[in-house]
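Hi,

Here is the structure I promised to pass on to you.

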Amino acid sequence: MTDPEKIREKFRGLYNEDPLLFRSPGRVNLIGEHTDYNEGFVLPAAIDKDIVFGVCPRNDNLISFYSLDFNEHAETDLNNLHKSEIHWADYLLGVVEQITKTGEKIKGFNCVFGGDIPIGSGLSSSAAIEAGLAYALDHIYKLNIDKLQLVKLAQKAENEFVGVRCGIMDQFINIFGKENHVLKLDCRSLRFNYYSFDSDDYKIVLFDTHVKHSLASTEYNLRRRQCEEGVRILQHHFPWIKSLRDAKKEEIIEHKKEFTRAVFDRCLYVVEENERVEKACNDLSENNQEDFGLQMIFSHEGLRDKYEVSCRELDYLVEVASVQQGVLGARMMGGGFGGCTINLIKNDYVAEASKIISEEYRITFGKEPGIYVCKIVDGTGIIK
Ligand code: ADP
Ligand code: MG
């Protein structure tokens with residue numbers, strides 16, 4: 001958790017006034033990987049790694065940002081929004097642009113922000129800065145934009161201004177996250193419900209491979225195309241299939257000959273992963289963490305063998321984790337080819353398991369993995 005006093009102090013130093021403070025969390029996704037763009041199901045939760053914003057309205061049209069983590073200023077005029085040479089500023093300027101597009105009238109503002117979400121490790125630091133700012137501006141200018149609209153405009157900021165084709169899950173959980181609960185999101189209807197997740201007995205632990213393969217984004221786009229290809233084939237026979245969300249395993253298997261090996265496997269994975277999310281949610285309702293953990297393991301196997309988005313480092317971390325005492329589940333999380341694994345570990349075993357896993361990783365790959373033990377917290381809000 002980020003200490004808000006750090007932000008307040010910097011803000012006072014720079015702008016000579018006291019800001020309103022907001023906390024905006026990172027997130028994990030327990031299960032449901034690569035299902036979002038297939039209009040399926042995901043199971044994210046907001047975590048106690050966050051970005052804190054200090055914000056004050058101005059009377060003129062100047063927008064002044066200061067990034068504490070990059071030690072960098074970015075300033076612009078509200079009426080002259082365009083892509084910045086400063087990469088992080090685009091995430092924020094995109095949000096300002098989307099808010100002005102709603103027709104709401106705002107003025108300039110001062111903003112200092114910073115936090116402890118590892119950047120680019122798949123914990124969605126980008127959504128945290130977008131949705132956090134959207135929430136803060138809505139608050140200081142009393143815009144009363146509804147929560148779902150805040151989510152959508154934060155996502156649009158990343159799609160249109162930054163130019164990243166991300167789904168809606170990250171911004172959604174950032175705003176709708178609830179302490180000690182995971183959120184099951186239907187990525188088609190955007191209907192959602194909460195499942196209580198007891199973090200007294202179990203901890204969510206992330207191991208960061210500290211690798212980011214350059215093929216991640218090309219492979220991501222290729223997977224999306226392969227899924228679309230699968231839908232096209234299925235539609236010839238089952239015209240009601242609009243996305244893989246609508247497909248059944250039998251339907252895919254029945255027409256196996258028409259698919260390439262890769263497209264067949266991708267489609268099967270997505271259908272199975274959606275089923276796993278359902279099962280995992282039932283397990284949670286029944287307080288059956290053991291079976292929940294098993295679904296995570298199956299999810300990893302699917303991502304490794306059928307969706308083919310894992311890598312040696314991720315597989316290794318999962319393999320070592322899954323044989324440790326007290327580890328109920330382990331899988332790669334996020335787009336793949338690097339980033340973190342997510343693990344469900346019994347409280348009493350967290351320290352011991354983490355020690356062994358990180359030692360083995362260091363011996364094999366010559367570097368320490370990052371270790372993040374997470375609590376499930378509320379979504380973005382004002383700090384009282
Ligand atoms: P992630 O998986 O963490 O969302 P992205 O590549 O989507 O990774 O977004 C990371 C980008 O978001 C960074 O390159 C930076 O521009 C911006 N960002 C994230 N966290 C911060 C921060 N604490 N301060 C400034 N910019 C940040
Ligand atoms: Mg991101």
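Let me start with one pair of residues: Phe22 stands opposite Ile382, which belongs to E13. Please keep in mind that this is a predicted model. The strands involved are E1 (residues 20-29) and E13, which pair in the antiparallel sense over 2 bridges.

Both strands belong to an open sheet of 6 strands with mixed pairing, in the order E5-E4-E6-E3-E1-E13. At its edges are strand E5 (72-77) and strand E13 (381-382), each pairing on one side only. Helix H1 (residues 4-15) lies across E1, strand E3 (44-57), strand E4 (62-67), E5 and strand E6 (109-115). Relative to E6, helix H1 runs at about 145°.

Ligand 1 is surrounded by 16 residues, and Asp69, His87, Gly120, Ser125 and Ser126 are the closest. By class, this shell divides into 8 nonpolar residues, 7 polar and 1 charged.

Here are some polar atom pairs to look at:

- Asp69: an N or O atom of the side chain is 2.8 Å from a nitrogen atom of ligand 1.
- Gly120: a backbone N or O atom lies 2.8 Å from an oxygen atom of ligand 1.
- Ser125: a polar side-chain atom lies 2.6 Å from an oxygen atom of ligand 1.

Taken alone, ligand 1 exposes 560 Å², and the protein buries 84% of that. Helix H2 (87-101) and helix H3 (125-140) are the elements that give two or more residues to the shell around ligand 1.

Best wishes

Conventions:
Residues are numbered from 1 along each chain as its sequence is written. Chains are lettered from A and ligands numbered from 1 in the order in which they are written. This is a predicted model: local features need pLDDT of at least 70, side-chain atom pairs count only at pLDDT 80 or more; totals for chains, interfaces and linings use all residues. Side-chain values use heavy atoms; hydrogens and water are left out. A residue is near a molecule or strand if one of its heavy atoms lies within 4 Å of it. A polar contact is a pair of N or O atoms within 3.5 Å; within protein, one must be able to donate a hydrogen and the other to accept it, and residues adjacent in sequence count only if both atoms are side-chain atoms. Accessible areas come from the Shrake-Rupley method with a 1.4 Å probe; for residues, only the protein chains shown count as cover. Helices (H or I, at least four residues) and strands (E, at least two) are DSSP runs, numbered from the N terminus. Ala, Val, Leu, Ile, Met, Phe, Trp, Tyr, Cys and Pro count as nonpolar, Asp, Glu, Lys and Arg as charged, and the others, Gly among them, as polar. Two strands pair if DSSP finds at least two bridges between them. Contact means heavy atoms within 4.5 Å. Axes are lines fitted to C-alpha atoms, for helices over the stretch in contact, and angles run from 0 to 180 degrees between N-to-C directions.
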